[in-house]
Amino acid sequence: MSDNNRFLHPDRLFSAEPKARDLSRALYQSISDLPIISPHGHTDPSWFADNQNFKNATELLIIPDHYVFRMLYSQGISLNDLGIPTIDGSYTETDYRKIWHLFAQNYHLFAGTPSRMWMDYVFVEVFGFTAPLNASNADHYYDQINQCLATEGFKPRALLKKFNIELLATTESAIDDLRHHAKLKGTGVENTVITTFRPDDVTNPESPKFISSLEKLAELTGENSFTWDGYLNALRNRRAFFRDHGATATDHGHATPRTEDLTKAECEQLFSRILAGDFDAADAETFRGQMLTEMAGMSLEDGMVMQIHPGSFRNHNTPLFRQFGADKGADIPVRAEFVNNLQPLMAKYGNEKNLRIILFTLDESNYTRELAPLAGHYPSLKLGPAWWFHDSPEGMLRYRHSVTETAGFYNTVGFNDDTRAFLSIPARHDVARRIDCRFLANMVLEHRISEDDAYSLAKDLTYNLAKNGYQKTL
Amino acid sequence: MSDNNRFLHPDRLFSAEPKARDLSRALYQSISDLPIISPHGHTDPSWFADNQNFKNATELLIIPDHYVFRMLYSQGISLNDLGIPTIDGSYTETDYRKIWHLFAQNYHLFAGTPSRMWMDYVFVEVFGFTAPLNASNADHYYDQINQCLATEGFKPRALLKKFNIELLATTESAIDDLRHHAKLKGTGVENTVITTFRPDDVTNPESPKFISSLEKLAELTGENSFTWDGYLNALRNRRAFFRDHGATATDHGHATPRTEDLTKAECEQLFSRILAGDFDAADAETFRGQMLTEMAGMSLEDGMVMQIHPGSFRNHNTPLFRQFGADKGADIPVRAEFVNNLQPLMAKYGNEKNLRIILFTLDESNYTRELAPLAGHYPSLKLGPAWWFHDSPEGMLRYRHSVTETAGFYNTVGFNDDTRAFLSIPARHDVARRIDCRFLANMVLEHRISEDDAYSLAKDLTYNLAKNGYQKTL
Amino acid sequence: MSDNNRFLHPDRLFSAEPKARDLSRALYQSISDLPIISPHGHTDPSWFADNQNFKNATELLIIPDHYVFRMLYSQGISLNDLGIPTIDGSYTETDYRKIWHLFAQNYHLFAGTPSRMWMDYVFVEVFGFTAPLNASNADHYYDQINQCLATEGFKPRALLKKFNIELLATTESAIDDLRHHAKLKGTGVENTVITTFRPDDVTNPESPKFISSLEKLAELTGENSFTWDGYLNALRNRRAFFRDHGATATDHGHATPRTEDLTKAECEQLFSRILAGDFDAADAETFRGQMLTEMAGMSLEDGMVMQIHPGSFRNHNTPLFRQFGADKGADIPVRAEFVNNLQPLMAKYGNEKNLRIILFTLDESNYTRELAPLAGHYPSLKLGPAWWFHDSPEGMLRYRHSVTETAGFYNTVGFNDDTRAFLSIPARHDVARRIDCRFLANMVLEHRISEDDAYSLAKDLTYNLAKNGYQKTL
């Protein structure tokens, strides 16, 4: 670690108050070498399956990172000029050096954002730069990054090792063939890179891919996925297939955390109407709600940990969506409600000790009002970390300050990076570790926990809770 | 006070910054000996009426405290193993020493929670322990607590004195006969322990006890509580009866703070339909809303202070409710709305200077958006302190930081412990006093109030505002 | 500046931690002399047009300031006793010295509020007092303020200069004749005092003045404002007239930020029904929503910056409204929703680089959930500063802590004082500057931005962002 760097200070993110800073640093040093557990994210499994060198700084660091290009876009820089691929065939820049320059010229826009902090970490810790990026050193940066990327030590599997990643979960659709994960067997990283079961395409009747996904589901499983029983069995079958590729968890990205507890007859009737196209938005919501409950029931059977990530208005910018497609920085959080929405599921399975449901939110008003009280009561519920826009120093501090008093530390599950930006993984975990140590140090100095407890909690928050929280429960 | 205790530090909860800590401590020392005013809570009046010794540590400290057992339950420990009484006749543990061990083994789960801080205070300040509870000293703890509890000095009335409690309000249903309060006369604590009028069972048509409560109301008052006028008169009668037993306040635990201002004809019609069982959920909400307005009207007649505690989804865990009944840690906050809901009541009585309505919330987003602006305008409105899940160091800090700028200090009413855990009362008030002093010290050091003002405000927040805020207004 | 004043400390509002305080002070000193840009507010243009002396302390500092009298009112002091003019002809106090005494006697009620801090600033920095106001020096204060006000140096235009105000925007109704602004030409402050176009009376069908305002609109523009095309052209005409009087911006005070994107036929039909009085609340909301979209379209044509200030329940206290009229401290914030509400407008114009829409909120839960993600994506959106109840030290800190990580600094537009209290303008800007410097200092000390960046950002937040953010975009 480079300790005397003017743009990546060794005491960054700790409180400035001297005693708090000293204790934060000591706590941090006690856990900074622990391996990374990354139990939820969106890296591309082909990177690890094929182990090819990354191409260049722009294609690796800018084009896939919607945190980065949404900020530039908000300041009037077009996505075309940033090389973002279009889906309507319109022109987009392909001169990657030119795009890198545009990024460097506008790097000041990121002041105070987590993207800046992650990017600086990558520049210093991964690529060894000693001066911050700006317009005048953009070429030097671009060339040096590209040189590094061309070497053996920067191949994806080498980086897994360099980053001290013990576990990295990717996320695949329920109808993915998992060919990349299959290819990992024998490479030495087959126990490091695992998949996660994400069935949204086959549980959301409003997905344009719903019917074709059900056809694919039938094809993959041999079940008749157009009957209610066959559909459920097909899902069971795919869950088992995912577990064979390392999956310990499922993930559900519904707009709301609505759950239902319908009778079997009601389910069959609703499913029929949906297959017949004879349904409205309320029916679709009911169906998604019932499917969360069904998925919880299957988790109880097979021990997979269930994650619920609700509350995003996807693709809010319709013209941009038509031109560039999904995941372009235009997913905007909306208010979320958990107490009424989860009640049917909780009444059915909430008291099961062998069920683990991890809840996330983009609506921070849920923390003290709903989520901490729910997780501080139901044995099946745990709280995921500060998510997405809240995966940031301030967001993490608000999370710890808000949930700890009611849910305690042990109803949380450590950190998730949730990223598709592979190189930022150590940076993101580093931010989380620093903020947790800062929080714990302040608790000690305010005599709210003992110093011994703080050291023990630092290890739990960094490693044990993530490791245990995402283990299969059966 | 034991000042050099490793698990109850004399500077706990103050800011770690040295000057802030010093001033916090000085402010705290100026008010720490003031008597406790506890104007709202749920202790059992029979304790003070009968003055029997408490039985043992488990029955006193664990079984009645849903803050404690909900956290253990959330981590997979069954309520049966914790000795929580069932209502369905199923088995529950009665080996209280065994339950105490289970608690001690899991005491680490409370790290960072207010329960831990309150419990440690009780262990140190009430029972004189010098080392934190853990699995290996569980027997020592259990025996020493039980020994203390068997002595004269630990009888309820002796503890009232030891705790320096000047006033303790319990809460009784409108149809309670107040026999325990009656028995207090002549015991020397008749002016210390008073009741509070809680009419929810007779104002909520959806309560299963509604009709039987109305019958009881008729029986107790001689009024025909099945006519609108008779019903209101019966309530007036009971309010007077409660005032005769010391009550200065009423309390209303509706799901929402909805209020109405119906004509008398509309009231009579609605009441008839309700008595006939011919009503839906909206009618019930309208009726509850009208009853808040009626109660405000009666407060204007008789000077009783009105408290509104909305926003809890009671008994969210239906299987647990069926087995164990109410108040088992499964009451979960939901979003609350005050501005539209209170408007009818405010339009009718909001400008009355002889009316005092104290508002509470479980939804902290109300603080800056709704509650502080309302209390900073209407002469009838005051803000209750941070409540329930927010009765915690962080919750209190958020409260002060959120409401003070718009409502000022003088539209608040000091601290409520709102507890059924008698021994925790001094601990809870101590936390509130420390946090208020911390807040005031920071205000001084940021030159936002003067040091003189801080000393004066510390006394107001600790004593005067509670004392005056809950005095009858006529 | 008076630096050793016991009630206006030179380090007020900075963190108490010594290093943070030192850096805050240094940053503040680097920007404290910058001119004031006040791009949004409600001062009376006749003050600058007529340049008459203000009359007395009470009429200048108390009667027009609803922040001040609402707090006194909330504590049981009647508005009549405070000299607030009635509209129903009922008596109100006119002994201004007596009112001043009442204010002085109750000055302690403002402890911890921004009003206290602004008022103290005015007392020290504008009038030169050295001891805080209290009951015993009330006469001294009253006389000295009145003496000052009678002098040449305290005339409105002299104060503009003394306060170092480079730009001051007032706000006028779309049908205002702007006579005061016209009168400014040749006075030397014609480029300092500008107007803002506020069309609410002519875009809100539920305004009691709607039809008469449309008649006035026709009269002023020669357009037939009772046809859809004529109505839009009349608005275009007025916007041009306002631009001729310096306006660079429009302002929209709708209850919600609902927007619509109707076809022209639908607009014509809705407009007809509204003119015929054949509409309900939903129609009115649709019309207001459509008008926000129309106004955005006109901003794209003429480059005027568009401000949206939603979320206030106006005149909540109906009896008070009947007696005293609007703006009497009874406007209460309600929950706001931006993501769904703005979607139609964003789909139509959100990607326009030559459109600038500045969003404000009274619901702080919007900051991280909705506003920062929206502004951190759409090129047309910028965030206004912490508004109204949140124009306070705590409110500003919450704002910066909440929005910066997702929106960055450069999607914000500096400070607005939004005040009708002319003398408080420097005080309010001073608070904003101090809080921003405090925030930046802490960012530096936590190594989240560099010290160089902090100095540059301090200048941007104080001056450049306000200056540029409110410049016409064409």
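Biologist: What order do the strands of the open sheet in chain A take, and in which sense do they pair?

Modeller: The order is 1-2-4, with parallel pairing across three strands. It's a predicted model, where local features need pLDDT of at least 70, side-chain atom pairs count only at pLDDT 80 or more, and totals for chains, interfaces and linings use all residues. For bookkeeping, residues are numbered from 1 along each chain as its sequence is written, chains are lettered from A and ligands numbered from 1 in the order in which they are written, and side-chain values use heavy atoms, leaving out hydrogens and water.

Biologist: How do you know that strand 1 and strand 2 of chain A pair?

Modeller: Pairing takes at least two bridges found by DSSP, and these two strands have three, in the parallel sense. Strand 2 covers residues 165-169, and its Leu168(A) stands opposite Ser38(A). The strands themselves are DSSP runs (E, at least two residues; helices are H or I, at least four), numbered from the N terminus.

Biologist: And what makes a strand an edge strand here?

Modeller: Pairing on one side only, which is the case for strand 1 (36-38) and strand 4 (193-194) of chain A.

Biologist: Which helix lies across strand 1 and strand 2 of chain A, and at what angle to strand 1?

Modeller: Helix 19 of chain A, residues 425-445, running at about 105° to strand 1. The angle is taken between N-to-C directions on a scale from 0 to 180 degrees, with axes fitted to C-alpha atoms, for helices over the stretch in contact.

Biologist: How is chain A divided into domains?

Modeller: Domain 1 is 18-52 + 168-469 and domain 2 is 53-154, bounds that come from an automatic or database domain assignment. Their C-alpha centres lie 28 Å apart.

Biologist: What area do the two domains of chain A bury between them?

Modeller: About 2,300 Å², with carbon and sulfur atoms giving 70%. That's the accessible area (1.4 Å probe) that both parts lose on being put together, summed over both. On the domain 1 side, Gln323(A), Phe324(A) and Leu423(A) lose the most, together 27% of what that side buries.

Biologist: Why is Glu446(A) with Arg438(B) called a salt bridge?

Modeller: Because the rule wants a side-chain nitrogen of Lys or Arg within 4 Å of a carboxyl oxygen of Asp or Glu, and here the closest N and O atoms are 3.0 Å apart. So the pair qualifies. Chain A and chain B share three salt bridges, plus 26 residue pairs in polar contact.

Biologist: What else describes the side of chain A that meets chain B?

Modeller: There, 41 residues of chain A touch 50 of chain B, and Arg369(A), His377(A) and Glu405(A) supply 20% of the area chain A buries, more than any other three residues. The total buried is about 3,700 Å², 52% from carbon and sulfur atoms.

Biologist: Which salt bridge can you name between chain B and chain C?

Modeller: Glu394(C) with Arg448(B), at 3.1 Å from N to O.

Definitions and conventions
Contact means heavy atoms within 4.5 Å. A polar contact is a pair of N or O atoms within 3.5 Å; within protein, one must be able to donate a hydrogen and the other to accept it, and residues adjacent in sequence count only if both atoms are side-chain atoms.
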